[in-house]
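Okay, thanks everyone, let's get going.

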Amino acid sequence: MTRMTRMLTTRPRLLAACALLLAATQAVQAADIIQVNQLGFLPGARKLALVPATAADRFQVKDAGGKVVFEGPLGKAATWNASGQAVRVADLSALRAGGTYRIAVAGLQESTPFPIAPDAYRLLDAGAIRAYTHNRAGIALDARVAGAWARPAGHPDDQVRVHASAASVTRPAGTVIASPKGWYDAGDYNKYVVNSGISTYTLLAAYEHFPAWFDGLAVNLPESGNGLPDLVNETLWNLDWMATMQDPEDGGVYHKLTNLSFDGMVMPDKATAPRYVVQKTTAAALDFAATLAAASRVLARFDAQAPGRSQRWLAQAESAWRWALAHPAVRYRQPADVRTGEYGDDKLDDEFAWAAAELLAATGKAAYRNPAQASGDARKTEPDWGDVRALGWITLAGQQGRLPDEAAAARSRIVAAADTLLARWQASPYRLAMADKDFTWGSNAVVLNQGMMLVQAYRITGKRDYLDAAQSALDYTLGRNPLGVSYVTGFGTRSAMHPHHRPSVADGVAAPVPGWLVGGPNPGQQDAKDCKAAYGAKQPALSWLDDACSYASNEVAINWNAPLVYVAAALQVLER
Ligand code: G3I
Ligand code: 9MR
């Protein structure tokens with residue numbers, strides 16, 4: 001008897017099943033609950049919660065014993081366009097004492113409990129890094145490292161074929177090369193240079209900006225204890241792979257290492273389809289150049305433990321840059337027999353600017369000055385895989401000593417972008433910098449990349465509002481959202497349970513692999529045709545489906561977790 005038929009054999013069970021279904025449906029409606037960051041706050045943080053607009057005008061905060069320790073007025077009711085929900089802000093920032101609390105408002109259920117603690121995001125940050133370990137290609141993970149999610153090795157990638165689209169004189173189609181290690185991109189098992197670039201860079205920036213925090217953050221990796229910080233160990237796993245994606249003959253970089261079609265929903269070791277490197281592209285060459293140049297600079301201090309890498313990476317980065325100059329407009333075009341992710345990006349001026357910025361910071365060479373400064377069409381206030389311009393600003397902003405003019409220009413660009421975000425944050429009933437159009441595939445990472453930009457502006461100016469707005473970004477992803485859910489698997493009282501992530505589906509463990517930020521609400525609903533379950537709502541901030549079918553709203557991805565690692569660390573370090 002299947003689980004479903006067992007459930008349907010008796011009438012009471014049927015009613016129970018209906019109630020469950022109803023509850024599941026309600027779970028994706030705007031929740032009539034008090035919304036708060038389920039992982040809580042550091043003592044000095046701006047602490048905002050959201051309360052559905054009701055007749056009540058005040059809120060209370062109760063400690064673990066139920067004693068009221070704080071109370072205050074609710075803000076004015078306002079409706080957020082992205083959810084259609086009227087809410088009021090509860091500001092409990094003045095409560096600083098450590099403890100576990102709940103928020104209470106007359107007529108509503110009390111909030112889930114949340115802590116105020118000096119290390120509120122330590123485990124989250126470690127967990128968000130360990131998520132990458134779970135997605136490593138070519139390594140078995142034992143229970144000591146992976147707990148219940150231990151698994152055999154998959155995808156050794158020691159014999160990868162050169163696809164016809166990538167053929168060259170020295171490497172004709174079918175040539176076998178080795179391209180091991182690296183992270184699986186997301187819920188799928190393929191490896192894409194464009195997306196690896198922004199992901200790896202963001203983790204390198206996190207290390208560069210907050211080294212003491214990461215030096216002290218134990219993540220529990222296979223390499224832990226080898227003298228390198230765990231974040232660096234994890235990042236090296238992917239850098240070692242990236243470095244193999246360059247054709248040493250001409251400096252060109254393959255766009256991706258992939259199956260011809262997506263694997264089934266199976267464990268890594270059961271996914272054994274042949275793998276190919278596909279087409280050299282300008283975007284891959286430039287993102288590769290930027291990332292390896294950044295790695296060469298940021299990780300130079302570990303040369304004793306990782307001998308020769310820093311110098312080799314820089315040479316590889318410069319050779320990829322030269323290839324890109326000679327091939328400035330080779331866009332990715334999916335070959336007819338390849339059906340996996342594209343990361344196709346037709347707009348390349350931002351990739352040129354980012355690569356030049358990193359090469360300038362790494363070498364100081366005059367040749368990189370002009371391209372690094374090219375302002376181009378700055379469409380976005382925050383970076384994403386297709387628009388990497390702001391990553392170059394972040395690097396140049398830190399080069400005041402060596403490159404004062406470039407640093408000053410980058411700083412003013414960052415502050416201008418952050419001011420746009422800040423104005424939206426201030427005007428938003430949800431205290432979130434998101435515009436309606438930002439609710440796209442991977443919207444949760446848009447939120448956190450905005451948080452990362454706000455943190456940059458705070459590091460530059462010291463103006464408190466930027467940090468408060470960054471806090472709001474983290475709060476949103478951890479429960480202060482209209483669905484009242486923590487979008488990080490394994491973290492929070494009510495978190496995403498069914499990510500589109502092959503190991504989480506196939507491993508037989510009820511709980512998903514922990515530490516992953518899921519993509520989040522996406523009114524595009526591009527997966528509706530592949531999902532039996534229906535989305536509960538169409539509004540931008542409600543369009544989320546906690547079902548493994550939902551690759552457009554509930555997948556995980558290495559580029560989405562990176563700003564989570566960054567922002568959690570930033571708030572731990574800067575929130576004093
Ligand atoms: O840029 C336009 C924007 O101008 C427009 O307003 C908006 C309206 O929908 O669409 C925007 O484009 C979207 C783009 O993402 C923006 O990032 C596309 O509709 C959307 O289809 C596209 O989704 C990408 C998706 O692959 C499908 O190609 C995601 O960004 C990207 O993160 C995702 O990446 C996949 C890999 O291919 C395979 N591995 C898993 C990974 C995560 O899902
Ligand atoms: O599993 C795939 C996921 O990683 C991608 O982000 C997504 C979009 O490219 O595609 C998923 O694969 C689906 C495919 O596109 C359509 N058939 C169902 C697949 C999911 O099992």
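So, let me start with arginine 431, which is buried, at 15% relative accessibility. And just so we're clear, this is a predicted model. Arginine 431 sits in the loop between H13 and helix H14, which spans 443-461. For context, most residues other than glycine have a negative phi.

There's another one like that. Asparagine 220 also isn't a glycine, and its phi is positive too, about 70°. You'll find asparagine 220 in the loop between helix H6 (211-215) and helix H7 (230-243).

The crossing is left-handed. On the H13 side, the contact is made by Val415, Ala418, Asp419, Leu422, Trp425 and Gln426. H15 brings in Asp465, Tyr466, Asp468, Ala469 and Ser472. If you sort the residues in this contact by class, you get six nonpolar, two polar and three charged.

Now the ligands. Around ligand 1 we have a list of residues including Asp185, Tyr192, Trp385, Gln526 and Trp560. Which atoms are at polar distances? Aspartate 188 has a polar side-chain atom 3.0 Å from a nitrogen atom of ligand 1. Tryptophan 441 puts a polar side-chain atom 3.0 Å from an oxygen atom of that ligand. And for tyrosine 343, an N or O atom of the side chain is 3.2 Å from an oxygen atom of ligand 1.

Ligand 2 is next. The residues around it are Asp188, Phe262, Trp441, His500, Arg502, Asp530, Tyr551 and Glu555. How far is an oxygen atom of ligand 2 from an N or O atom in the side chain of histidine 500? That one is 2.7 Å. For glutamate 555, the side chain has an N or O atom 2.7 Å from an oxygen of ligand 2, and for arginine 502 the corresponding distance is 2.8 Å.

His500 leads us to cysteine 549. Leaving out neighbours within four places in sequence, cysteine 549 is in contact with His500, Asp527, Asp530 and Cys531. Its place is in the loop between helix H16 (502-506) and helix H17 (558-574). Cysteine 549 has a relative accessible area of 15%, so it counts as buried.

Last stop, histidine 255, in strand S11, residues 254-258. With a relative accessible area of 1%, histidine 255 is buried. Which side chain does the histidine 255 side chain make a polar contact with? Threonine 281, at 2.8 Å. Setting aside neighbours within four places in sequence, the contacts of histidine 255 also include Val193, Val278, Ala284 and Tyr332.

Technical notes. Residues numbered from 1 in each chain as written. Chains lettered and ligands numbered in written order. Predicted model: local features only at pLDDT ≥ 70, side-chain atom pairs only at ≥ 80, totals over all residues. Heavy atoms only, no water. Left-handed = near helix turned anticlockwise from the far one by under 90°. Helix = DSSP H or I, 4+ residues; strand = E, 2+ residues; numbered from the N terminus. Contact = heavy atoms within 4.5 Å. Nonpolar A, V, L, I, M, F, W, Y, C, P; charged D, E, K, R; others polar. Buried < 20%, exposed > 50% of the residue type's maximum accessible area, 1.4 Å probe, protein only. Polar contact = N/O pair within 3.5 Å; in protein donor to acceptor, adjacent residues only side chain to side chain. Near = heavy atom within 4 Å.
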